[in-house]
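Please keep the sequence and the model in view.

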Amino acid sequence: MPKLAYAISDIHGEYQLFKELLKFFDPELHQLILIGDLNDRGPQSKACLLLGKELVEKYQAVYLRGNHEEYLLQFLNAPEEWYPSYLRNGGKETIESLLHKGATEEYSPTEMAMMIRSRYGELVDFLTQRPLYYEWGKYLFVHAGVDLTKKDWRDTSPRDFIWIREPFHEGKNQTGKTIVFGHTITPMLHGDMQTTDLWLSDNKIGIDGGAVFGGSVHGVIFNEQGILQDIEDQNMNGPWQPSF
């Protein structure tokens with residue numbers, strides 16, 4: 001096991017911010033952990049997804065499935081059913097990043113899903129195989145959280161691993177693990193909708209600074225005792241604005 005873990009979460013298509021955080025990644029020292037949601041909303045989802053895949057293949061990074069990877073897969077599996085919801089949640093940017101600008105106005109959901117599957121079969125298979133959690137020493141890395149009412153957190157449903165919010169944030173952590181998660185932006189967890197710092201409470205660490213909404217991304221380096229370094233980069237391009 002590498003001496004240090006380096007966790008990054010919720011890039012949401014902000015490729016340049018992703019690259020900035022990766023400047024601090026040392027493959028010799030760090031187990032890189034991507035906590036999901038590399039795609040949707042931001043302008044360069046294709047580049048982020050492909051870079052995530054490359055990091056797994058080249059450096060044995062761990063890339064967890066987030067709810068936005070799940071959104072993309074659900075859209076590809078049932079395009080007519082999922083398209084309206086996916087569009088509202090930033091899917092247009094991913095679809096047009098994978099195809100071309102204006103594709104969502106030219107083609108039906110079924111046609112777009114067929115083209116993406118045809119052109120990016122390896123990427124789709126890769127995303128389908130992403131794990132839901134990763135244990136590293138005393139740490140548990142997960143996209144959204146776990147069901148704290150379960151006797152064994154591993155019995156958490158797949159949906160809760162990638163979608164859960166308040167029951168996890170407000171529940172008592174008796175897992176014996178320090179749980180590192182993204183999904184819910186830290187300005188919301190802090191309760192003021194502006195503080196992008198890490199959120200720490202009850203051996204839970206929220207690291208999604210809400211970059212795509214005008215906040216920040218975090219790259220957090222851990223050793224076995226705790227946080228060694230928190231690298232925070234602000235998104236200077238402003239918040240995502242839906243264009244549908």
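## A buried loop residue

Phe-25 sits in the loop between helix 1 (15–22) and strand 2 (30–34). Helices (H or I, at least four residues) and strands (E, at least two) are DSSP runs, numbered from the N terminus. At 12% relative accessibility, Phe-25 counts as buried. Buried means under 20% relative accessible area, exposed over 50%, and partly exposed in between (1.4 Å probe, protein chains only).

Phe-25 touches Tyr-6, His-30, Leu-32 and Tyr-59, not counting residues up to four places away in sequence. Contact here means heavy atoms within 4.5 Å. Phe-25 and Tyr-6 lie 19 residues apart in sequence, and their C-alpha atoms are 7.2 Å apart in space.

## Basis of the model

The model is predicted: local features need pLDDT of at least 70, side-chain atom pairs count only at pLDDT 80 or more, and totals for chains, interfaces and linings use all residues. Residues are numbered from 1 along each chain as its sequence is written, and side-chain values use heavy atoms, with hydrogens and water left out.

## The annotated domain

UniProt, in an unreviewed entry, lists residues 7–205 as "domain: Calcineurin-like phosphoesterase". UniProt positions are given in the numbering used here, feature names are shortened, and annotations may be inferred rather than shown by experiment. Over residues 7–205 the chain is 47% helix and 13% strand. The end C-alpha atoms of that stretch are 11 Å apart.

## Helix 3 and its cover

Helix 3 (residues 67–77) is mostly covered, with nine of its eleven residues buried. The buried residues are Asn-67, His-68, Glu-69, Glu-70, Tyr-71, Leu-72, Leu-73, Phe-75 and Leu-76. Their cover includes helix 2, strand 3, helix 4 (79–98), helix 6, helix 7 (121–128) and helix 8 (158–163).

His-68 belongs to helix 3. Its relative accessible area is 2%, so His-68 is buried. Leaving aside neighbours within four places in sequence, His-68 contacts His-12, Asp-37, Asn-39, Asp-40, Arg-41 and Asn-89.

## Helix 3 against helix 6

Two packed helices are described by the angle between their axes and the distance between the axes. Helix 3 and helix 6 (residues 109–119) pack at about 110°, with their axes 8 Å apart. Helix 3 is therefore roughly perpendicular to helix 6. Axes are lines fitted to C-alpha atoms, for helices over the stretch in contact, and angles run from 0 to 180 degrees between N-to-C directions. Angles under 35 degrees count as roughly parallel, over 145 as roughly antiparallel, 65 to 115 as roughly perpendicular and the rest as oblique.

The crossing of helix 3 past helix 6 is left-handed. A crossing is left-handed if the near helix is turned anticlockwise from the far one by less than a right angle, and right-handed if clockwise. Helix 3 contributes Phe-75, Leu-76 and Asn-77 to the contact, and helix 6 contributes Pro-109, Met-112, Ala-113, Ile-116 and Arg-117. By class, this contact has six nonpolar, one polar and one charged residues. Ala, Val, Leu, Ile, Met, Phe, Trp, Tyr, Cys and Pro count as nonpolar, Asp, Glu, Lys and Arg as charged, and the others, Gly among them, as polar.

## Helix 4 against helix 6

The axes of helix 4 and helix 6 come within 11 Å and cross at roughly 50°. Helix 4 is therefore oblique to helix 6. Helix 4 passes helix 6 in a left-handed crossing.

On helix 4, the contact uses Pro-79, Glu-80, Tyr-83, Ile-95 and Leu-98. On helix 6, it uses Pro-109, Thr-110, Met-112, Ala-113, Ile-116 and Arg-119. This contact of helix 4 with helix 6 has eight nonpolar, one polar and two charged residues.

## Positive phi in two loops

Most residues other than glycine have a negative phi. Gln-60 has a positive phi of about 55° although it is not a glycine. Gln-60 lies in the loop between helix 2 (45–59) and strand 3 (62–63). Gln-60 is exposed, at 54% relative accessible area.

Asp-202 also shows a positive phi, near 55°. Asp-202 lies in the loop between strand 7 (199–201) and strand 8 (204–206). Asp-202 is partly exposed, at 31%.

## A strand residue and a loop lysine

Thr-178 is in strand 6 (residues 178–181) and is buried at 9% relative accessibility. Beyond four places in sequence, Thr-178 touches Lys-138, Tyr-139, Leu-140, Asn-203 and Ile-205.

Lys-151 is in the loop between strand 5 (139–142) and helix 8. At 89% relative accessibility, Lys-151 is exposed. Lys-151 and Gln-174 are 23 residues apart in sequence and 9.1 Å apart in space, C-alpha to C-alpha.
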